[in-house]
Amino acid sequence: MNRFLTRTVAAAAAITTLSVAAAGVASADPDNAQPGTPPAGKTASQIYATVGADAFAELTSNIATVYNAQTPAPTRVLASYDAVNPTTAAAQETIVTKPGCSITRPNGANAAISAITLNQKSTVDTNEFCIDWVRASRAKGAAPAEQNLTFYAQSRDAVSYAVIGNAYAPTTPLTTAQLKDIFECTVSDWSEVGGQAGEIHVYLPAASAATLTFFLQALGTNLTNVNAGCAGLPRVYTNQQNDGRSLNGDPQGIAPYTVTKWAAQGNGAPGIPDYRGGAHIGTVNTDAAPTIATTFGGRSYQVLNPAFTTGASASFGRLFFNAVRNDAPQELKDLFKAGGYLCQNQDAFLVPFGNTPLGNDTTQSRFCGQAS
Amino acid sequence: MRTRLRLVGASLALAATAVTIPLLSSGEATAASSFSGGNLLVYRVGAGTAPLTNAATAVFLDEITPAGAVAQSIPVPTTAADGNLPLTASGLSRSEGVLSASPDGRFVSFTGYAAAPGATGPAGISLTGSDPASVARVVGVVDKNGTIETSTALPGASAPAIVRSAVTTDGESLLAAGGDGGLLATTRSSTAATVSAGEAATNLATVSRQAGKVLVSGLLQHRLAIVESGAFTDAPGLPSNLLTYGFAALDLTSAGWAGSTIDTFYIANASNRAGTVEKWRFDGTTFVKSGDLDVAGVSGLVADVEGSAVNLAVATPTQVLAISDTNGAGTGFSPAAPTVLETAPTNTEYRGIALAPTGDLGPSAFFRTPAAGSVVSIGAATAPVSVYVASPRAVSGVQISLGGSPAAATKGAGNIWTANVPTQGLAAGAGTITVTATDTGGSTTITRPVTYSGTSAPAGALLAGTYSPRAKGITASKGWTAYAFAKSPDGKGLTSKTKNAKLAFTAYGKTVRLTLGTGPKNGRVTLIVDGKKTTVDLFKAKAGTVVRTFTFTGEVRAHTVQIVVAGTKAAKSKGTSVPVGLVQVTS
């Protein structure tokens, strides 16, 4: 067994162990006791189901929890399914989003957008789609199938890289070019990019993760180039996106990481365990910190620093979206549209999860609920 | 309330010195003050004059009181002097600078690079990228007096790129570890090392000696382990992704892990959340987590047991903090928020932390030559020994012995004291050099094992030198009388005309030269060297001298010499006198 495979297996084992231990505090799928099953006692027509990005899965779960607890109770409940099994971290297992809806759990936004465009329907209620909306950590693409979707802007995020301490990684910013070289595996030692002498260990999440593809895009590269340079190297490992523990306490490691997810983990946001695993978000091109402190409801939270998504590191900034079918029920669209349920409560929903609210000023270039 | 750290078992609390030495200075042989028992010692990188970089940066050892004041800041040498090497650190390499105390608390060890401030690796990369063959990785030791000793270089072939940690038991034997190469064993002032455990790829953060065991923390493997007989025994139950640069192993219950008394770990865990201080308790089978406390960026950790409480001090790059576990013996861990003891000055960062070393009053003494375990020839009458002696008080003397007569050392340049120590009476084989240095506070004795080779001079033998025949060591029978001889050390020789009158001695050297008087009244003398007889006729018409030289081949050894009045004479002589003016031995 080569080192890559050995490492992969070891990492998977570690994830399993640690996730079990943390199951008591995590909340993500509708029924945490039975991940991958729909809300109990609800028919397919009583559920709006979502899958997609890991980056704000807990945020959406929290919205669902709050929304579902309203009085009077809403007509339909929201059911948000994580990118991976919230208990075992198993990826791409079969889940049931609604009665009669057995699908492969999409591990990330790209996979979820592909899945929603399949328009799979419940076998017990053929009027009901199995996926009603997607947590999208990327903007609407040019693919024809995506033109049938409406992307509602939710909040601001960024993707950077995470390292554990500075035993090897530099304390100074890495440049876009250096990051490109690192993730294309054309540089192999931290001392080549301003760090200390030692091999760089590249950790890559699943290819289906939009966080990865977006990050590579920000670097000016893509999965094809990464695979060409890194495939088979003994210093390349797999990890679960946005889970610092899957970096295995490796100070020589580097991985893409969603800034808001990292902030949310540190903030102790509802349902999101602190899985930073010692990892911190690195700076890119400038000293602009990835997060800043803000106060909401008398508490201090770390949120994405807007300055990190402008200037020299602008390409690392992105928006989160909720993508629905163009012909989705208005009730569903009203959740995400400008002035809708989410946008009316954006600070409360977004700040604890480290997201930077877009605001409701529709005269700005970006605002909450902006449709595309 | 400030947490009071207290060094358990400190033999003596030395005079508290609250003098604050400027933080922004560095140099060689700066006089330090003796540490106060219970104070902390922190490895600080940077002189504060410019932002830290990956280049070589001056290192300081800051002594911090439990109340949070800097008692003194001791600069580590940045230039070579008195046998000490420069010891600097990469300014931004945050896994370095671990401090490890000796089990008896007398020494704290640390590591760095033999590079001048500003030096980098090739093409301007980090100092850690420099070739250990050209930029030595250095082990430093600091003692009770704040004396810093940095004469030990790890050899290039096995030295790690990033050197992180070292520990000593006695100021002589050392273990060192870093980013590769495993656990290395060496001796102070040595440039040789052997791999004690691990292999080329073994990446270690910390090596320490606690609870009678050698403990290491590793990166990616052997996260926290005992090392014995070259094998690692990993602590069970700890997180599989544990990353720690500082931990304390304590005996607080009746349980014990892996044949040790260790039942409790306090760990600075750099891979949990943003960094946590954790307590783990051994339940007889595995370690179980008692609790944790968030300390972002935590790196170094030291613990001090005080009754049922355990006081912790931890270091982050920017702060030194105190934490108190008031129920140390219990299984819980829910301490109050840390108290900030000290904040790193601008453009500096903290690394490792330990309790400041303490010990009985007396000078600091570290051997220079000969090297530990080296072969010392006792064939010569004396063997040279040098030692580094320093003290905040006046050093009144240094005595050095090889097991025989001690020799008083003399102070040369800097703090180096040297002596040619007599080897008489020593036997080949294992030996010990003993140095006793004395100042106004007391004495310090250090020893170093060596191996003696050759044959030493027997007691009473004449060693290399010029002697009067009346000198101690030369036995004269009856019948000899003194006479004036200007060239003799005491201005006199011995003369006799009594048949069989004898001068006898043992000479230890390569040659023996006898200066004998000649003249009209002189007779014959029999010279017996190592049993071989030679007769010399000392008759001359006019008075004068004659020299007889006996040269020996092979290694230096002892030779018996007898000068016997023959009682006979040449026909023209008017007497049988035998004047002996001088005895000379060379080696």
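Which residue of β33(B) is the bridge partner of Lys411(B)? In the predicted model described here, local features are given only where pLDDT is at least 70 and side-chain atom pairs count only at pLDDT 80 or more, whereas totals for chains, interfaces and linings use all residues. Residues are numbered from 1 along each chain as its sequence is written, while chains are lettered from A and ligands numbered from 1 in the order in which they are written.

The bridge partner of Lys411(B) in β33(B) is Trp417(B), and this pair belongs to the antiparallel pairing of β32(B) with strand β33 (residues 416-422) of chain B, which extends over 2 bridges. Strands are here DSSP runs of E with at least two residues, numbered from the N terminus, and two of them are said to pair if DSSP finds at least two bridges between them. Both strands belong to an open sheet of 4 strands in chain B, ordered β27-β29-β33-β32 and paired in the antiparallel sense. Because β27 (364-369) and β32 (410-411) of chain B stand at the edges with a single partner strand each, one side of each is left without a neighbour in the sheet.

Elsewhere in chain B, strand β34 (residues 429-439) pairs with β35(B) in the antiparallel sense over 11 bridges, and the two form a hairpin with 2 residues between them. Within this pairing, Thr434(B) has Thr447(B) of β35(B) as its bridge partner.

Strand β46 (residues 578-586) of chain B is joined to strand β36 (residues 465-467) of chain B by 3 bridges in an antiparallel arrangement, with Val585(B) in β46(B) as the bridge partner of Gly465(B). An antiparallel pairing over 3 bridges also links β46(B) with strand β39 (residues 492-496) of chain B, where Pro579(B) of β46(B) is the bridge partner of Thr495(B). Strand β41 (residues 511-518) of chain B runs antiparallel to β46(B) and is joined to it by 6 bridges, Leu516(B) standing opposite Val580(B).

A nonpolar core is taken as a set of buried Ala, Val, Leu, Ile, Met, Phe, Trp, Tyr and Cys residues joined through C-beta atoms within 7 Å, and a residue is buried if 20 or more other C-beta atoms lie within 10 Å of its own, exposed if 12 or fewer, and partly exposed in between, with C-beta atoms placed from the backbone. The largest such core has 214 residues, and those with the most contacts inside it are Leu301(B), Val314(B) and Ile353(B). Its largest share, 10 residues, comes from strand β6 (residues 149-164) of chain A. A second, separate core of 55 residues includes Ile474(B), Ala501(B), Val512(B) and Leu538(B).

In chain A, Leu204(A) is found in strand β7 (residues 201-204) and is buried, with 22 other C-beta atoms within 10 Å. Contact between two residues requires their C-beta atoms, placed from the backbone, to lie within 7 Å; leaving aside neighbours within four places in sequence, Leu204(A) is in contact with Leu212(A), Val236(A) and Thr238(A). Between the two chains, 26 residues of chain B are in contact with 25 residues of chain A.
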